[in-house]
Amino acid sequence: MTELIISLAAARALHLAAQGMLQPRRRKARKADVLETIRQMGVLQIDTIHVVARSPYLVLWSRLGDYPQPWLEQSLAEGELFEYWAHEACFVPVEDYGLYRHRMLDPEAMGWKYSATWMKERRADVDKVLEHIRANGPTRSSDFERTDGESGGWWSWKPEKRSLEVLFTTGALMISARHNFQRIYDLAERVLPHWDDGQLPALDDTRRALVLKAVKALGCARAPWISDYFRTRPPRLDPETLVEEGALLRAWVDDWDDPIYVHPDHAGLLQAAAAGTLAPTLTTILSPFDPVVWDRRRAQELFDFDYRLECYTPAEKRRYGYFTLPILRRGALVGRVDAKAHRRNGMFELKSLALEPGVRVSDRFVRDVAGALQRLANWHECPEVRIAQATPDSFAPLLRAALNNENDKEAA
């Protein structure tokens, strides 16, 4: 196949097509679509912040539209998914378990996610937690009463919680289900009774498979983007090796000096991108942990969008807000909104909305953004949308008018 040269806009379209975000869905989501969407992305990152819907639910909504959130937990409980450290903590299709088993067998290479010191100094306590689960079945952290006198919180876990997480990282425990998003731990052999380490693929085969899966999920990938997707550690496989084997395609983007890599399954999409026939029409709101934006460098290079989550930044140093959601509009990242769902009052607050410099605000642009925001608010069962502040100032009245039109259409 002749190596193609595509525009930056075409590369964006190719990426969005691979992520299932090129165009709005034409049919209502079904439960099976949850698993299929996670397979398409490769992973679904987990985060617990819920000023709006928790991130994994929001990532699915951006692709599926309205769907019942419990479908995700049902897929986990039914064994279609498992949880592990992939990009970060993620839901992963269960057929990919073997690709992560090497990490479980070498937990000391997992950095802060595993404490060898804890395992050494508190081995008896860790074993006690393991035996509790063996005897009593699936267990939550809250099943253990706090006895050390400390308060809760991420950095002050009670000892049993730390032991549970260490055992999770080693693979001795898995997450069998979630209740109110709280993890329920069980023995790995009970969650995956048919797994045997004799099925473990060779480490080189695992590295190869993760490169191919990352490139496929990305649609098109510069070499430095690939390792971030599944957080693979050195030594890393050179994608040029896979091009020589025919396992990857190589193409180019205008004005970039280095190549992009494309999975052969996307050869048709690459041809369409080169021909200019991939037309992004979806307008939606993204989670900060969406694969489209979770790599700050990639978002900058591909979308010219400098995005950083500021929830861990002191309030006085934030530029855009606590939990800003990128706005994707017809193939471009055009702004970000710091939103909060006031569920008891049925109100969706846009605390701050900022458009990117240079964005051209047309009537269709306003309608597109208003429609996406109203759909998100409705999914949260917060149909009233209030705008506290927008940049530029002139955008706020236009958006309010468009939101009123959205409500009028629904009422009719």
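Over the ring of which residue does the charged end of R222 sit? The ring is that of W256, with the charged end of R222 at 3.9 Å from its centre. This note concerns a predicted model, and the points below take up its strands and its aromatic contacts.

1. Strand β12 covers residues 332–342, and eight of its eleven residues are buried, so this strand is largely enclosed by the rest of the structure.

2. Strand β12 pairs with strand β11 (residues 324–329) in the antiparallel sense, over six bridges. Two residues separate β11 and β12 in a hairpin, and R330 in that turn has a positive phi of about 50°.

3. Strand β12 also pairs with strand β13 (residues 347–355), again in the antiparallel sense, over eight bridges. Here the hairpin has four residues between the strands, and the turn residue G346 has a positive phi of about 65°.

4. The structure holds 15 aromatic pairs. In one of them, the ring centres of Y57 and F181 are 5.7 Å apart and the ring planes lie at 55°; the pair is therefore tilted. Y57 belongs to helix α3 (residues 55–64), whereas F181 is in the loop between β6 (173–179) and β7 (182–187), so the contact ties together parts that are 124 residues apart in sequence. Y57 and F181 are both buried.

5. A further pair is formed by Y97 and W195, whose ring centres are 5.0 Å apart with planes at 75°, so this pair is edge-to-face. Y97 lies in helix α5 (residues 97–105) and W195 in the loop between α9 (188–191) and α10 (203–218); the pair therefore ties together parts that are 98 residues apart in sequence.

6. Y97 has a relative accessibility of 4% and counts as buried, because the cut-off for buried is under 20%. W195, with a relative accessible area of 22%, is partly exposed.

7. Ring pairs also link W61, Y67, W71 and W379 into a cluster.

8. The ring of F181, which pairs with that of Y57, also has a charge over it: the charged end of R178 sits 4.3 Å from the ring centre. The corresponding value for R222 over the ring of W256 is 3.9 Å.

Terms used: Residues are numbered from 1 along each chain as its sequence is written. This is a predicted model: local features need pLDDT of at least 70, side-chain atom pairs count only at pLDDT 80 or more; totals for chains, interfaces and linings use all residues. Side-chain values use heavy atoms; hydrogens and water are left out. Buried means under 20% relative accessible area, exposed over 50%, partly exposed in between (1.4 Å probe, protein chains only). Two strands pair if DSSP finds at least two bridges between them. Rings of Phe, Tyr and Trp (its six-membered ring) pair if their centres lie within 6.5 Å; planes under 30 degrees apart count as stacked, over 60 as edge-to-face and the rest as tilted. A charge sits over a ring if NZ of Lys or CZ of Arg is within 6 Å of the ring centre and within 35 degrees of the ring normal.
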